[in-house]
Amino acid sequence: MDRVYIFDTTLRDGGQSKGVDFSFADKIAISEALDDIGIDYIEGGWPGANPTDDKLFSSPPKLKFSNFVAFGMTRRPNTSAANDPGLSAVLNGNSDSVCLVGKTWDFHVDKALNISLGENIKMISDSIKEVINRDKEALFDCEHFFDGYKNNKSFAIDCISAAVEAGSKWVVLCDTNGGTLPHEIGEIIGEIKAKMPSAPLGIHCHNDSGTAVACSIAAINAGVRHIQGTINGLGERCGNADLISLIPNLVLKMNFETGVKKENLFKLKHLSRLVDDRLNRFPNQNQPYVGEAAFAHKGGLHASGVQKDSRSYEHIEPELVGNQRSFVVSDQSGKSNIVARLKEVGVEFDQNDHRLNGLIDNIKENEFKGFSYDTAEASFELMARRILENVPDYFVIGRFRVMDERRFNAKGELVVESEASVTLNVGGQAFHEVAIGNGPVNAVDSALRKALSKIYPSLNSVSLVDYKVRIIDSGSGTEATTRVLIECEDANSNRWRSVGLSTNIIDASVMALYDSLTWRLLTLGIKPVSPAN
Ligand SMILES: [Zn+2]
């Protein structure tokens, strides 16, 4: 099997994304995860460029498999490589390999550097030799290679030869502004391979034309065996080639051997989420392979097809990349979809049970009103169990009242506080609780928990982690309905979601909260407190 080497530049090129700023701790944690899955090269950053990267290359991550790479530029014009302070800072960092970028487009050499083409070739050659003198592996990034090649073929090829002859392990062809299309990449690399068949070529694509992954695959098909990209396609402007798509494409579909073994592909979803979590970004639910929607089936026909044979609507087994199949309930869905979803959440039922039709009608009616069970699996399960089984009333919420106050405190600081009072009945016992919160929902939640924590201590570890509000147009124009989706988490990081709907935002929130807490007690198998106790 042919081997392809994977080079991750999430921490360097990905760090150029708008709104992305990796801390030292982020860089260590992400490097360790990349090492664990089997990425060949991890480009950590640019020593000498900023304090975070200086710290990273003085105390690098402890890696078992990957080569840790420092990024930098070839020496400046008209100096010696040994006397270039920028290059020295890069070489002095603790790294296994050094990847240097240099110009390969004659237009830039002429206009930006204002030097001769011969001096540019010497800059590449001297700098690569200096890396090797320092006992490190050298890689060379050909900046703007494809534009350069279109403008001056022989100069672009001379740049590759200079890097290869100086001892560069890989010479990486970069489509720096992301404008080249897959067929052009394939043609150009084909021409170069014909002239220099043994050149160790790599590819580095940007996604400005929406084709970074396709361009990288075209390069592989043309004979390249080193591929650069980022996790989740992070990167300047429209991003770099997404390794989360490229790796399974190479391993599962093109049958290449990579440092990431087939049996470790299941770690891809976790790796993708780790990077999102570290950056506090919402995961892209439509991301190929690992997105929440990547194996979600909504239409009734699709869902029944998938149940008969998953190959009918899925390109791979979702478990291979750590993802899972899911059935989305919607007003388009037929009985087969709901049946599949019931099986998924473990609700037992008889296919011929007439109550099943009642459940389906209920779902459709509620979705028409504005409920959404696509993501609110806890509310879906509770509704199904209420109709098909028996769900106890663990507690009954009576009335609630919320007051909001905006004022300046004794120190002259502006504070906004909410105070909620709630009555509830738990197993025949009446409670009246009052609590303060940083917002109305938080105050009601705190008041409810005061009473519930005494009777159901297992709810103490449940926290509200996400809250989304959507105004649904009722059509009448006078009364807008509010839908609230909440996400809760327990101490073991299990998460579940519920939904509430009302013309009043607090009421919708309390409804969703009621479902989340009830679902938790039900799934833990907690017995409701009975009036007799
Ligand atoms: Zn780049």
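Reader: Does α9 pass α10 in a left-handed or a right-handed crossing?
Author: This is a predicted model: local features need pLDDT of at least 70, side-chain atom pairs count only at pLDDT 80 or more, and totals for chains, interfaces and linings use all residues. Residues are numbered from 1 along each chain as its sequence is written, and side-chain values use heavy atoms, with hydrogens and water left out. Helices here are DSSP runs of H or I, at least four residues, and strands are runs of E, at least two, numbered from the N terminus. Seen with the near helix turned clockwise from the far one by less than a right angle, α9 passes α10 in a crossing that is right-handed.

Reader: How many nonpolar residues does the contact of α9 with α10 have?
Author: Contact means heavy atoms within 4.5 Å. On the α9 side we find Val213, Ser216, Ile217 and Ile220, facing Ser245, Leu246, Asn249 and Leu250 of α10. No charged residues turn up and three are polar, while the nonpolar count is five.

Reader: What spacing do the donors of the zinc ion follow along the chain?
Author: Donors are N, O and S atoms within 2.8 Å of the metal (3.2 Å for Na, K and Ca). Here Asp13 (OD), His204 (NE2) and His206 (NE2) coordinate the zinc ion at 2.0 to 2.2 Å. Asp13 sits in the loop between β1 and α1, and His204 in strand β7, 191 residues apart. Written out, the spacing is D-x190-H-x1-H.

Reader: In β12, which residue is the bridge partner of Met403?
Author: Strands β11 (396-408) and β12 (residues 414-426) run antiparallel and are joined by 11 bridges. In β12, Met403's partner is Glu419.

Methods:
Nonpolar A, V, L, I, M, F, W, Y, C, P; charged D, E, K, R; others polar. Pairing = 2+ DSSP bridges.
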